[in-house]
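Subject: Structure handover

Hello,

Here is the structure I promised. Please open it first, then read my notes below.

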Amino acid sequence: MQSISTTKAPAAIGPYSQAIKAGDLIFTSGQIPLTAEGELVAGDITAQTHQVFANLKEVLAAAGATLNDVVKVTVFVKNIEDFGTINEVYGQYFNEHRPARSLVEVARLPKDVGIEIELVASVAR
């Protein structure tokens with residue numbers, strides 16, 4: 001296994017890696033709407049979701065992958081009422097390529113953000 005790390009996404013705030021590459025698979029840790037400098041993104045769920053995807057793209061790039069390599073997405077949301085808005089933003093990143101996805105409402109997320117997303121990608125060529 002190989003630990004993946006980049007300064008272009010927020011550093012892990014605990015004893016974990018931004019991602020792990022195991023064979024041809026990349027498993028990202030959940031990303032919340034923090035900037036690479038660790039600042040919480042102010043704004044609505046749209047702004048938060050865009051920041052999460054910016055982070056995920058950078059972590060994937062550090063592992064030699066892109067969103068087109070993603071096979072599974074897990075989305076954790078604080079408010080299921082944001083589903084439609086999140087789906088609109090999500091569709092900007094996954095339009096023709098449609099990985100499997102789960103979306104789950106949770107009671108609370110780190111730093112009380114509205115969204116957290118983790119990915120599994122495959123770099124098998």
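Contact here means heavy atoms within 4.5 Å. Keep in mind that this is a predicted model.

Start with valine 73. Leaving out residues up to four places away in sequence, valine 73 touches Tyr90, Phe94, Pro99, Ala100, Arg101, Ser102, Ile117, Glu118 and Leu119.

Val73 also belongs to the largest nonpolar core, which has 25 residues. Val73 is one of those that touch the most other members, along with Ile26, Leu60, Val70, Ile115, Ile117 and Leu119. At least two residues of this core come from each of helix 1 (45–62), strand 4 (70–77), helix 2 (83–93) and strand 6 (115–122). Helix 1 contributes the most, with six residues.

Next, the helix pair. The axes of helix 1 and helix 2 cross at roughly 30 degrees and come within 9 Å. The crossing is right-handed. On the helix 1 side, the contact uses Ile45, Thr46, Thr49, His50, Phe53 and Lys57. Helix 2 meets them with Thr85, Ile86, Val89, Tyr90, Gln92 and Tyr93. By class, that contact holds six nonpolar, five polar and one charged residues.

One more residue in helix 1 to look at: asparagine 55. Is Asn55 buried or exposed? Asn55 counts as buried, because its relative accessibility is 1% and the cut-off for buried is under 20%. Not counting residues up to four places away in sequence, Asn55 touches Ala9, Pro10, Gln31, Ile32 and Leu34.

Best wishes

Note on methods
Residues are numbered from 1 along each chain as its sequence is written. This is a predicted model: local features need pLDDT of at least 70, side-chain atom pairs count only at pLDDT 80 or more; totals for chains, interfaces and linings use all residues. Side-chain values use heavy atoms; hydrogens and water are left out. A nonpolar core is a set of buried Ala, Val, Leu, Ile, Met, Phe, Trp, Tyr and Cys residues joined through side-chain atoms within 4.5 Å. Buried means under 20% relative accessible area, exposed over 50%, partly exposed in between (1.4 Å probe, protein chains only). Helices (H or I, at least four residues) and strands (E, at least two) are DSSP runs, numbered from the N terminus. Axes are lines fitted to C-alpha atoms, for helices over the stretch in contact, and angles run from 0 to 180 degrees between N-to-C directions. A crossing is left-handed if the near helix is turned anticlockwise from the far one by less than a right angle, and right-handed if clockwise. Ala, Val, Leu, Ile, Met, Phe, Trp, Tyr, Cys and Pro count as nonpolar, Asp, Glu, Lys and Arg as charged, and the others, Gly among them, as polar.
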